[in-house]
Amino acid sequence: MLKNELLGEIVMLMKEVEQDEGVSINTKEKILNGINTLNQDIDTSVKASKVIHEMEEASQNNNIESYTRTQLWNIVSLLEKL
């Protein structure tokens, strides 16, 4: 899979989580920051590293639903492929 295709898939997954009504505002904010970072015109590995950090931080929230945490881990896993 090409990097651009993978980035598109990651952004789509992040938007899906962000639109979930059960996700907290703080988590949504981190996801939106991550999407904005992925859309920046900087090196792909730098973007991935920044967003991985954001998603890992968001997934450590004790109040997050387990399904949402799993989605965030999936996003991190995809980002690590970049």
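View 1. Gly 8 has its place in helix H1. The model shown here and in every other view is a predicted one. With a relative accessible area of 40%, Gly 8 is partly exposed. Asn 39 stands 31 residues from Gly 8 in sequence, and the C-alpha atoms of Gly 8 and Asn 39 are 9.7 Å apart in space.

**View 2. The whole protein, as a setting for the close-ups.** Along the sequence the order of elements reads α-α-α-α. The radius of gyration is 12 Å, close to the 12 Å that the globule rule gives for 82 residues, so the protein is as compact as a globular protein of that length. Along the principal axes, the C-alpha atoms fill a box of roughly 35 × 20 × 20 Å. The accessible surface amounts to about 5200 Å², and 45% of this surface belongs to carbon and sulfur atoms. Of the 82 residues, 41% count as buried. Among contacts with a separation of 6 or more, 60% are made by residues 24 or more positions apart.

**View 3. The largest nonpolar core.** This core has 23 residues. Those with the most contacts inside the core are Ile 10, Met 14, Leu 38, Met 55, Leu 72, Ile 75 and Leu 79. Helix H1 (3-18), H2, H3 and helix H4 (66-79) are the elements that each give two or more residues to the core. H1 provides the largest share, 7 residues. In soluble globular proteins, nonpolar side chains tend to be buried together.

**View 4. Leu 72 and its contacts.** Leu 72 is one of the residues with the most contacts inside the largest nonpolar core. Leaving out residues up to four places away in sequence, Leu 72 touches Val 17, Thr 27, Ile 31, Met 55, Ala 58, Ser 59 and Ile 64. Met 55, one of these partners, is also listed among the core residues with the most contacts.

View 5. Thr 68 is placed in helix H4. Its relative accessibility is 3%, so Thr 68 counts as buried, the limit being under 20%. Apart from neighbours within four places in sequence, Thr 68 is in contact with Val 17, Asp 20 and Val 23. Val 17 is touched by Leu 72 as well. Between the C-alpha atoms of Thr 68 and Met 55, which are 13 residues apart along the chain, the separation is 11 Å.

View 6. Thr 37 lies in helix H2. At 14% relative accessibility, Thr 37 counts as buried. A polar atom of the Thr 37 side chain lies 2.9 Å from the backbone oxygen of Asn 33. Not counting residues up to four places away in sequence, Thr 37 touches Lys 47, Lys 50 and Val 51.

**View 7. The salt bridge between Lys 30 and Glu 57.** The side chains of Lys 30 and Glu 57 form a salt bridge, with 2.5 Å from N to O. Lys 30 belongs to helix H2 (residues 25-38) and Glu 57 to helix H3 (residues 44-59), so the pair ties together parts that are 27 residues apart in sequence. The count of salt bridges comes to 1. Glu 57 is partly exposed, with a relative accessible area of 38%.

How values were computed. Residues are numbered from 1 along each chain as its sequence is written. This is a predicted model: local features need pLDDT of at least 70, side-chain atom pairs count only at pLDDT 80 or more; totals for chains, interfaces and linings use all residues. Side-chain values use heavy atoms; hydrogens and water are left out. A salt bridge is a side-chain nitrogen of Lys or Arg within 4 Å of a carboxyl oxygen of Asp or Glu. Helices (H or I, at least four residues) and strands (E, at least two) are DSSP runs, numbered from the N terminus. Buried means under 20% relative accessible area, exposed over 50%, partly exposed in between (1.4 Å probe, protein chains only). A polar contact is a pair of N or O atoms within 3.5 Å; within protein, one must be able to donate a hydrogen and the other to accept it, and residues adjacent in sequence count only if both atoms are side-chain atoms. Contact means heavy atoms within 4.5 Å. The radius of gyration is taken over C-alpha atoms; the globule rule is 2.2 Å times the number of residues to the power 0.38. Accessible areas come from the Shrake-Rupley method with a 1.4 Å probe; for residues, only the protein chains shown count as cover. A nonpolar core is a set of buried Ala, Val, Leu, Ile, Met, Phe, Trp, Tyr and Cys residues joined through side-chain atoms within 4.5 Å.
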